[in-house]
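Hi everyone, thanks for coming.

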Amino acid sequence: MTAVVKMDKQIIMHKMQELCSLLLQDEGYQEMRKMIDQFAADEDATAQYERFMEKHQALEEKEHQNIELLESEIQVYEEEERALYDHPLIRRFIYAQREFSQLHQQISNYFTKSIELNRLPEPQEWGKESCGCGGSCSKH
């Protein structure tokens, strides 16, 4: 008969609370949170972003179905994409969103690498996975 083995998640959750508390107190986090909140409060900015994302998804779906995109579709898409970056609230939102995503990916990668190695990873073991692109730029 095999015994049931469980980890003590209480101490892990306590450390997670400490980590998240540090994050919430970080000035950079607070500034990026403001960027997201300012974007979310602006109906025009959120509507522009949502329209672009709908168009982005529609074009991705066409590509997935191997339907060739028209040059005019690509041109309109690129113009609308540039317009996102021309809008300061949207640009700052995209930046903050990317930073949070990268942090999330780095934490996830660190956890995964620790389990894989059965120890804390050394900085050199991260290689290009910690390049700041969220780790997707050079998976082995």
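Let me start with a question: is Leu 23 buried, partly exposed or exposed? Leu 23 counts as partly exposed, because its relative accessibility is 32%. On this scale, buried means under 20% relative accessible area, exposed means over 50%, and partly exposed is in between, with a 1.4 Å probe and protein chains only.

A word on what you are looking at: this is a predicted model, where local features need pLDDT of at least 70, side-chain atom pairs count only at pLDDT 80 or more, and totals for chains, interfaces and linings use all residues. Residues are numbered from 1 along each chain as its sequence is written, and side-chain values use heavy atoms, with hydrogens and water left out.

Now the overall picture. The chain has six helices and zero strands, so reading from the N terminus you get α-α-α-α-α-α; here helices are DSSP runs of H or I with at least four residues, strands are runs of E with at least two, and numbering starts at the N terminus. Of the 140 residues, 19% count as buried.

Back to Leu 23, which sits in helix H1. Leu 23 belongs to a nonpolar surface patch, together with Met 7, Ile 11, Ile 12, Met 13, Met 16, Leu 19, Leu 103 and Ile 107, and the patch has about 800 Å² of accessible area. Helix H1 (9-25) and helix H5 (88-117) are the elements that give two or more residues to this patch, and H1 gives the most, with six. Patches take residues with over 30% relative accessible area and no salt bridge, joining like charges within 9 Å and nonpolar side chains (Val, Leu, Ile, Met, Phe, Trp, Tyr) within 5 Å. A salt bridge, in turn, is a side-chain nitrogen of Lys or Arg within 4 Å of a carboxyl oxygen of Asp or Glu. The accessible areas come from the Shrake-Rupley method with a 1.4 Å probe, and for residues only the protein chains shown count as cover.

Glu 71, Glu 78, Glu 79 and Glu 81 form a negative one; Asp and Glu count as negative, Lys and Arg as positive, while His and the chain ends are not counted. The place of a charge is NZ of Lys, CZ of Arg, CG of Asp or CD of Glu. Glu 79 lies in helix H4 (residues 71-86) and is partly exposed, because its relative accessibility is 38%.

Next, the aromatics. There are five aromatic pairs, and the tilted pair of Tyr 29 and Phe 100 has 5.5 Å centre to centre and 50 degrees between the planes. Rings of Phe, Tyr and Trp (its six-membered ring) pair if their centres lie within 6.5 Å; planes under 30 degrees apart are stacked, over 60 edge-to-face, and the rest tilted. Tyr 29 is buried at 15% relative accessibility, whereas Phe 100 is partly exposed at 22%. Phe 39, Tyr 49 and Phe 93 form one aromatic cluster.

Finally, where does Asn 66 sit? Asn 66 is in the loop between helix H3 (43-64) and H4, and its phi is positive, near 60 degrees. Most residues other than glycine have a negative phi. Asn 66 is exposed, at 72% relative accessibility.
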